[in-house]
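Thanks, everyone. Let me put the model on the screen and walk you through it.

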Amino acid sequence: MRVAVIYGGASAEREVSLVTGRAVAAALRERGHEACLVDTASKEPAGRESASDATARAIMGEDVARAEVVFVALHGGAGENGTVQGLLELAGKRYTGSGVFASALAMDKRMSKLAFRAAGVPTPEWRMVLSDDAAGSAAGSGSPVFPDDLSPGDERRAARELGGYPIIVKPNDQGSTVGLTLVEDEKALAGAFELAADHSSHVLFERYIPGRELTVAVLEGTRLPLVEAEPSTGLYDYECKYTKGMTEYTCPADVPGDIAEKMTDAGHRAFESLGCHGYGRVDFRLAPDGRFYCLEVNTVPGMTDVSLVPMAAAAAGVSFGELCERIAETALS
Ligand SMILES: Nc1ncnc2c1ncn2[C@@H]1O[C@H](COP(=O)(O)OP(=O)(O)O)[C@@H](O)[C@H]1O
Ligand SMILES: [Mg+2]
């Protein structure tokens, strides 16, 4: 196969994407494929060109044009929210992972939660508080505004309606735990809201689910074992996610068989409820009472050597090289 791996980009997750892209390209080459790396933000923007123009130029360039498959290794931002996928559709290219609509839906945590609920997948109780931007213009990030969404100043009400503290406050459409706070009491509420509002016009308040961090890795055609992540600090934050040694991983996770089965089924249902394709990662919390809750679906999960999908695949006997190859092949199906 002739593959163009698009990676890098200008999102907050650029650094991780660089690692993912290089790992994928190297693995594909090792299996005899032709793989070139295309950093969508590598070139200095020409003149008054914006980051999005530079992305478009990279994607419409020679390397992508020549490729049979485009491997999307861009985390966060335009590469994961359907924008790049739309451009690839227009260019008539086959690409890995989810399509335009599923990507956009997965990036929007609240819309995802509505889909999970419709599919019978449990997800933590939530309230949405709009920031000034969204409340004023009813536009903000372009995420929907519903009549029962709360306005700035309603933060305490949101916490109360969730049954009190602790709660999680996070931007509706970011990744890598950016802008997220575990709020343990009212004193910390205003700061947490402001931080999340710096990243999004929509701020999601969720009931905090104590317990364990589990993930369902999805690879079309193979049922993969659960992975447990045990961060050395309380929250599974950016540092824990990307610093070797800061998190302990177990795969297959040590979870009672019936719960593991149900969670895996729920993970696949969540994936399907958004219309996702190819591969992905579905994050869960498992509470001490045995109930689990789906947090989100990642449509471009990390593919580094500390990443969870490769770990789950390895435990099922699928090497990193084979995994990359199979993901590339799903672009053709
Ligand atoms: N409702 C919640 N209860 C408990 N922990 C949560 C909750 N929401 C988020 N977290 C913690 O924060 C991490 C990141 O949250 P997540 O919703 O997956 O957003 P991101 O897109 O930033 O990964 C989770 O992996 C989990 O450790
Ligand atoms: Mg997550």
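Start with the spacing: the centres of domain 1 and domain 3 are 32 Å apart, taken over C-alpha atoms. This is a predicted model, so local features need pLDDT of at least 70, side-chain atom pairs count only at pLDDT 80 or more, and totals for chains, interfaces and linings use all residues. Residues are numbered from 1 along each chain as its sequence is written, and chains are lettered from A and ligands numbered from 1 in the order in which they are written.

The domain assignment gives domain 1 (2-95), domain 2 (106-122 + 210-318) and domain 3 (126-207). Those bounds come from an automatic or database domain assignment.

Now the ligand. Ligand 1 has 18 residues around it. The closest are Pro124, Gly175, Glu206, Ile209 and Tyr236. To count as near, a residue needs its C-beta atom, placed from the backbone, within 6 Å of the molecule. Strands E6 (167-171), E13 (279-286) and E14 (292-298) each give two or more residues to that shell. Helices (H or I, at least four residues) and strands (E, at least two) are DSSP runs, numbered from the N terminus. Which domains supply the shell? Domain 2 and domain 3 each give at least three residues. By class, the shell has eight nonpolar, four polar and six charged residues. Here Ala, Val, Leu, Ile, Met, Phe, Trp, Tyr, Cys and Pro count as nonpolar, Asp, Glu, Lys and Arg as charged, and the others, Gly among them, as polar.

Next, the cores. The largest nonpolar core has 78 residues. A core is a set of buried Ala, Val, Leu, Ile, Met, Phe, Trp, Tyr and Cys residues joined through C-beta atoms within 7 Å. Buried means 20 or more other C-beta atoms within 10 Å of a residue's own, exposed means 12 or fewer, and partly exposed is in between; C-beta atoms are placed from the backbone. Val5, Ile6, Val24, Val70, Ala217, Val227 and Phe284 have the most contacts inside the core. Domain 1 and domain 2 both contribute residues, so this core lies between them. Apart from it lies another core, of 19 residues, including Ala159, Phe193, Ala196 and Val203.

On to helix H1, residues 14-30. At 1.5 Å a residue, its 17 residues should span 24 Å, and the end C-alpha atoms are 24 Å apart, which agrees. The expected span is 1.5 Å times one less than the number of residues. Buried in H1 are Val16, Ser17, Thr20, Gly21, Ala23, Val24, Ala25, Ala27 and Leu28. They pack against strands E1 (2-7), E2 (34-39) and E3 (69-72), and helices H10 (238-242) and H13 (320-330). Contact means C-beta atoms, placed from the backbone, within 7 Å.

Leaving aside neighbours within four places in sequence, Val24 is in contact with Val5, Phe71, Ala73, Met303 and Cys324. Gly21 has 27 C-beta neighbours inside 10 Å, so Gly21 counts as buried. Not counting residues up to four places away, Gly21 touches Val5, Tyr7, Gly8, Leu37 and Ala73. Just after H1, Gly32 takes a positive phi of about 90 degrees.

In H6 (109-118), the buried residues are Lys109, Arg110, Ser112, Lys113, Ala115 and Phe116. Their cover includes helix H5 (100-107), strand E5 (126-130), strand E8 (202-207), H11 and E14. Gly120 follows H6, with a positive phi near 75 degrees.

In H11 (257-273), Met263, Thr264, Ala266, Gly267, Ala270, Phe271 and Ser273 are buried. These pack against H6, strand E9 (212-219), strand E10 (222-223), E13 and E14. Gly275 follows H11, and its phi is also positive, near 75 degrees.

Last, the loops. Where are the cis peptide bonds? One joins Tyr165 and Pro166, with omega about -5 degrees. Pro166 sits in the loop between helix H8 (155-161) and E6. Another joins Cys251 and Pro252, with omega about -5 degrees. Pro252 is in the loop between strand E12 (247-250) and H11.

And is Gly153 buried or exposed? With 11 C-beta neighbours inside 10 Å, Gly153 counts as exposed. Its place is the loop between helix H7 (132-137) and H8.

Note on methods
Contact = placed C-beta atoms within 7 Å.
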